[in-house]
2 protein chains.
Amino acid sequence: MTRQTRRSEGSSMPRSVDVARLAGVSQKTVSRVFNDEPYVSADVRRRVLDAAEQLGYRRNNAARALASGRTRSIGVVTLGTALYGPASLLMGIERAARDTGYALRVVNTMEGDPAGIAGAVESLLEQGVDGIVISEPIDEGEISVPVDVPVLSCGAPPAFSAPRVMTTGADSILLARVATEHLLDLGHATVHHLAGPQRWYSARDRLEGWRAALAAHAGDEPPVVEGDWSAASGYAAGRELAVDGSVTAVFAANDDMAIGLIRALADAGRRVPDDVSVVGFDDVPVAPYVTPPLTTVRQPFDAVAREGLKLLVQVIEQPHLDPSPASAPPVELVVRASTAPPPSRTIPGRGRRTTSRSDRDTHGPATPDGPRPTDH
Amino acid sequence: MTRQTRRSEGSSMPRSVDVARLAGVSQKTVSRVFNDEPYVSADVRRRVLDAAEQLGYRRNNAARALASGRTRSIGVVTLGTALYGPASLLMGIERAARDTGYALRVVNTMEGDPAGIAGAVESLLEQGVDGIVISEPIDEGEISVPVDVPVLSCGAPPAFSAPRVMTTGADSILLARVATEHLLDLGHATVHHLAGPQRWYSARDRLEGWRAALAAHAGDEPPVVEGDWSAASGYAAGRELAVDGSVTAVFAANDDMAIGLIRALADAGRRVPDDVSVVGFDDVPVAPYVTPPLTTVRQPFDAVAREGLKLLVQVIEQPHLDPSPASAPPVELVVRASTAPPPSRTIPGRGRRTTSRSDRDTHGPATPDGPRPTDH
DNA sequence: CATCAATATGACTGCGTAGACATGACTGCG
DNA sequence: CGCAGTCATGTCTACGCAGTCATATTGATG
């Protein structure tokens, strides 16, 4: 039994030579046809395609990669979670990658894994990828892996040394600031922050945006409560915050925590938004349907993924050109029913249901999404 | 300038020959060391590893695949959504794949994409994978792609002809049945069903389980309302169901729709669970924190992924052996506050907060998860 | 001490493709 | 009509690794 019998059933896959033989051309010509190279006559192209069809020919990617030095694939490092944010980003990246003709290889890096991102990157490099996307970067100190492909980091500073590192992502700082300012504009004296785990850059950005908003409004900065993105941690934080009567507004670093928070407040007898206003972050699909419908800022995952991949692919394919900076996606505050003016000092013509904010950036409309549930 | 300058910076990656030269051994021996082949002396192994370390050597996966005929990677076909179910399954698959030493290649198939699953599979085969996982199969008729690798279908019948097709997945039918029977056991005369899109096999399974439960209890079968998994569609369905005063219990095919449904009922003035009981499906992380905390059945994504991949890898690596059937993961009903006995006929010693059901399969405990919010 | 098996290593080669270059057919133009 | 330029195709080969088989070294055994 020779080596031919490696694929199943002994009927080894047809190769380009087989197609060539059937079409009466050389192997190289078959290669030309499949790579859309110029200088192939219409007649030959047709014969080749017919022959390939007939044999069920499929290019061997391993051989292509070996011969050309390019794998036409992009590696993605994700956190191993089904969190809405990371999951949405991953899906956006897949779509964008496919649009540009690249395949996707995915590696998780469980949070807390000591090997961490470095190990994930290492594994992608060994698999062979033309570029790497760090989907949700977390701080793990310097990454010491020698990387020889361009790297796209979604929302983090270039945390390690590679020849070509880019960053992309929504302006989380701005988004957080808009969310916080929405509450301040409603008349709240200050805004508490239920932060995400500070190992995540995205969590830090949100903290920073919140700080900036408070600073701009000369508000004092209450202590930060830190969660782990989960609704459960939001609930735990909510129990702490509920006992503090001075809390009238909270900006949660994601919607899940906001939902947990709201429940804790409700369980403690504090009404939302009458006693406490809550703003989330992400605009998860259920946000309009929880009780009360959640005011939040929308993350433009799809746009971010698309822009970022465009950048990455450009750097992969034209290493010389300076990468054109991605246009910042629009900032979108979605006002629903979880925010209201503070209870004590009643403001006439209550500020609810407005998108009044205007910043240094464009804001999308506060779109009523889907069948908009009535307030109550 | 020769071809060597393909990788960036002209400093082409070291190859196994380079390592061999430095270690004073043959290229083949380097290969042996990295593949953990027997018959390598400890001394040589050490020298090789040192040399590799020093040069920053990394195996070239394309060449390995070409030479060995195996890519050591598994392709996953997912729907292009950030839905909790598919996303969780994908993460579970990644974890499981890495545990078995396989890399992951991911392709989306946008729902409604005419090319659909067939195209996704085709693309994976061209990339070269040793096995394929169809993560959330939907019905697209016969898939006519010739597939020569084993295929694992999560929860669907073998919908196309490949030499080796397996299925895995939780027993959705049973889960749906347990959910429905929970409502029937509470005393509801019948249970309505808010179904998922029927192109999805998982949606069909849940419908079937619901049917089975009704049939077993001699309940009549009310008309089915179909959603698209989204909370928005749940809301729309809820508006329909709210006008029908006879509706006292609804089994929603996933938690998101259940959340939308509950909101629509609330907006229509029907209280949950006092007037209408609602059971979801999945046990999404926010389920304990929405209003009211959602009774639901938990999908054991991680266990399903792990079992399924074990099966797939076994078939890949030992094509001869009969695949050992996966053990069915436990069925877990999580009773929270969205279900209660029907309003009219009050049943003494209300059946809430029990996991009384016992079926042909083991049930996990109705674990109080995380900081359990109090009922109200 | 010769013989054989187990161990350790190397030489050679093919995997299927695309890159470099050669070659032949044809075109247009002075 | 001859020569340069374009087009269309072919030949040869490297890509980097693992498979196959040969060979050298050991130790044990009768």
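Reader: What covers the buried residues of α1(B)?

Author: Among the elements that cover them are α2 (27-34) and α3 (42-55) of chain B. Keep in mind that this is a predicted model.

Reader: Okay, and which residues of helix α1 in chain B are buried?

Author: Start with the general idea. An α-helix has 3.6 residues a turn, so residues three or four places apart point the same way. Now the case here: α1(B) spans residues 16-23, and its buried residues are S16(B), V19(B), A20(B) and A23(B). They sit on the same side of α1(B) because the arc they cover around the axis is only 100 degrees.

Reader: Let's move to the two chains. How many residues of chain B are in contact with chain A?

Author: On the chain B side there are 56, and they meet 56 residues of chain A. Elements giving two or more residues to that side of chain B include α4 (61-68), β2 (103-109) and α9 (231-243). The top contributor is α5(B), with 7 residues.

Reader: How do the residues on that side of chain B divide into nonpolar, polar and charged?

Author: You get 25 nonpolar, 17 polar and 14 charged.

Reader: And how many bridges join β2 of chain A to β2(B)?

Author: There are 3, linking residues 103-108 of chain A, strand β2, to β2(B), and the two strands run antiparallel.

Reader: Which residue stands opposite R105(A)?

Author: Look in β2(B): R105(A) faces R105(B) there.

Technical notes:
Residues are numbered from 1 along each chain as its sequence is written. Chains are lettered from A and ligands numbered from 1 in the order in which they are written. This is a predicted model: local features need pLDDT of at least 70, side-chain atom pairs count only at pLDDT 80 or more; totals for chains, interfaces and linings use all residues. A residue is buried if 20 or more other C-beta atoms lie within 10 Å of its own, exposed if 12 or fewer, and partly exposed in between; C-beta atoms are placed from the backbone. Helices (H or I, at least four residues) and strands (E, at least two) are DSSP runs, numbered from the N terminus. The arc is that of the directions from the helix axis to the C-beta atoms. Two residues are in contact if their C-beta atoms, placed from the backbone, lie within 7 Å. Ala, Val, Leu, Ile, Met, Phe, Trp, Tyr, Cys and Pro count as nonpolar, Asp, Glu, Lys and Arg as charged, and the others, Gly among them, as polar. Two strands pair if DSSP finds at least two bridges between them.
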